[in-house]
Amino acid sequence: RVDMKNKLMVMEIKKAIHRVERIIKSTLLFTKGVQANKKVISLKELQEEIENSFDFYSFTKEVELDMEFDEDEIYGDFELLGIVFQNFLYNAFDAIEESGDDRGVVTVTHQKNNGYDIFIVKDTGVPIKNKNILYEPFKTTKLKGHGLGLTLSLEIIKAHNGFVEFLEKEKGFRIYLETFK
């Protein structure tokens, strides 16, 4: 019989291993460069991947992930886009963890416009402290950061012929990925 304390400890170990794997993968991708292997991706599958990353974060607050993608498809590298959304989500979770509130909300939405698939990621956490270093490698203002997440995400987004827009007033980001034809 496994008691609850041991189950919790095993879950925390799994989360720690996941974090270390993310850092190693990010570092390797950053040093060798990003090559996108694009194919048609179901938005529902991408949503599942994003929701799975929610389970690997250790929360001290109540955090709600509000995301509902439609039955559409996009063109991209599933694994690389998973890394992008995980980085943006973890940054949002960190912002909520650093806030004075007991709970927070992260929303992720999708729309198509002018030849782009546009994903909007917003959170109710603390504002970004220094927008001038957002995409600079190894620079971070976060307690839990290594400074590669957004840098690598921007490289992945560029490999998808896209770009990122920082939404200062709305507290979030708009991610543009070129729509396949």
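The helices named here (H or I, at least four residues) and the strands (E, at least two) are DSSP runs, numbered from the N terminus. On the α2 side, Glu 45, Leu 46, Glu 49, Ile 50, Ser 53 and Phe 54 make the contact, and they meet Phe 78, Leu 81, Gly 82, Phe 85, Gln 86, Leu 89, Tyr 90 and Phe 93 of α3. Contact means heavy atoms within 4.5 Å. Sorted by class, this contact of α2 with α3 has 9 nonpolar, 3 polar and 2 charged residues. Here Ala, Val, Leu, Ile, Met, Phe, Trp, Tyr, Cys and Pro count as nonpolar, Asp, Glu, Lys and Arg as charged, and the others, Gly among them, as polar.

Before going on, please note that this is a predicted model, in which local features need pLDDT of at least 70 and side-chain atom pairs count only at pLDDT 80 or more, whereas totals for chains, interfaces and linings use all residues. Residues are numbered from 1 along each chain as its sequence is written, and side-chain values use heavy atoms, with hydrogens and water left out.

At what angle do the axes of α2 and α3 cross? The axes of α2 (residues 43-54) and α3 (residues 78-98) cross at roughly 45 degrees and come within 9 Å. That is why α2 counts as oblique to α3: angles under 35 degrees are roughly parallel, over 145 roughly antiparallel, 65 to 115 roughly perpendicular, and the rest oblique. Axes are lines fitted to C-alpha atoms, for helices over the stretch in contact, and angles run from 0 to 180 degrees between N-to-C directions.

Now for the sheet. It is open and has 5 strands in the order β2-β4-β5-β7-β6, with mixed pairing. Strands of a sheet pair through backbone hydrogen bonds, either parallel or antiparallel; for two strands to pair, DSSP must find at least two bridges between them. At the edges are β2 (62-67) and β6 (163-167), each pairing on one side only. From one strand to the next, the twist averages 15 degrees.

Two of the pairings look like this:

| Strands | Sense | Bridges | Residues opposite each other |
|---|---|---|---|
| β4 and β5 | antiparallel | 8 bridges | Asn 113 and Tyr 116 |
| β5 and β7 | antiparallel | 7 bridges | Asp 117 and Leu 177 |

The hairpin of β4 and β5 has 2 residues between the strands, and Asn 114 takes a positive phi near 50 degrees there. Strand β5 is largely enclosed by the rest of the structure, because 6 of its 8 residues are buried. Buried means under 20% relative accessible area, exposed over 50%, and partly exposed in between (1.4 Å probe, protein chains only).

Helix α3 lies across β2, β4, β5, β6 and β7, and runs at about 145 degrees to β4.

Is Gln 47 buried or exposed? Gln 47, found in helix α2, counts as buried because its relative accessibility is 7%. Beyond its neighbours within four places in sequence, Gln 47 is in contact with Met 67, Glu 68 and Phe 69.

Finally, the whole chain: 4 helices and 7 strands, with buried residues making up 41% of its 181 residues.
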